[in-house]
Amino acid sequence: MSVQVTIDPSRLARLLRRRGGRAERKLRERTERVARIAEREAPGSMGHYISWKVGEGPRGLQGVIVCDHPAVHYVLNGTRPHLIRPRHAKALRFEVGGRVVYAKLVRHPGTRPNDFLGRALHLGR
């Protein structure tokens, strides 16, 4: 008795990539895992602004993680040293060591880049 098996690669690819299939479930699990790591790695309250989804992309299914915090660009890329001046008042007000301090100008030293999204992707592999 002989048995012949024929595999159609295009049909197999469609089967793996269909909605609700094994590939989508695995992609959804991994995308969610990376998003949770990004939430933990994000500074301050930035983790509350992270969302994720799995959807159709140009080459099939893709997982997307988004951070909608208004300062995410400055955190990911860092900032150069810069001056901070008041916009609508005569002076800036902030606390230093428990004391209230006023200043007309502050020389900010800049910040180093913090690529928490890239680290999350690396840790989530």
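I began with helix 2, where Glu29 and Lys26 both lie, three residues apart, about one turn of the helix. The model I consulted is a predicted one. I found that Glu29 forms a salt bridge with Lys26, their closest N and O atoms being 3.7 Å apart. I noted Glu29 as partly exposed, at 45% relative accessibility, and Lys26 as partly exposed, at 44%.

I then searched the whole structure, which holds five salt bridges. Glu32 forms one with Arg36, with 3.8 Å between the closest N and O atoms. These two residues of helix 2 are separated by about one helical turn, because they are four residues apart. I recorded that Glu32, Arg36 and Glu39 are linked in a network of salt bridges.

Next I looked up Arg119, whose side chain meets that of Glu41 in a salt bridge of 2.9 Å, N to O. Arg119 belongs to helix 4 and Glu41 to helix 2, so the pair ties together parts 78 residues apart in sequence.

I turned to the largest nonpolar core, which has twelve residues, among them Val34, Ala42, Ile50 and Phe116. Helix 2, helix 3 (72-77) and helix 4 (116-123) are the elements giving two or more residues to this core; helix 2 gives the most, with four. Leaving aside residues up to four places away in sequence, I listed Gly47, Ile50 and Phe116 as touching Ala42.

Last, I examined the strands. Strand 1 (residues 50-57) pairs with strand 2 (residues 60-67) in the antiparallel sense over eight bridges. The two strands form a hairpin with two residues between them, and I saw that Val54 stands opposite Gly63 in strand 2.

Conventions
Residues are numbered from 1 along each chain as its sequence is written. This is a predicted model: local features need pLDDT of at least 70, side-chain atom pairs count only at pLDDT 80 or more; totals for chains, interfaces and linings use all residues. Side-chain values use heavy atoms; hydrogens and water are left out. A nonpolar core is a set of buried Ala, Val, Leu, Ile, Met, Phe, Trp, Tyr and Cys residues joined through side-chain atoms within 4.5 Å. Buried means under 20% relative accessible area, exposed over 50%, partly exposed in between (1.4 Å probe, protein chains only). Contact means heavy atoms within 4.5 Å. Two strands pair if DSSP finds at least two bridges between them. A salt bridge is a side-chain nitrogen of Lys or Arg within 4 Å of a carboxyl oxygen of Asp or Glu.
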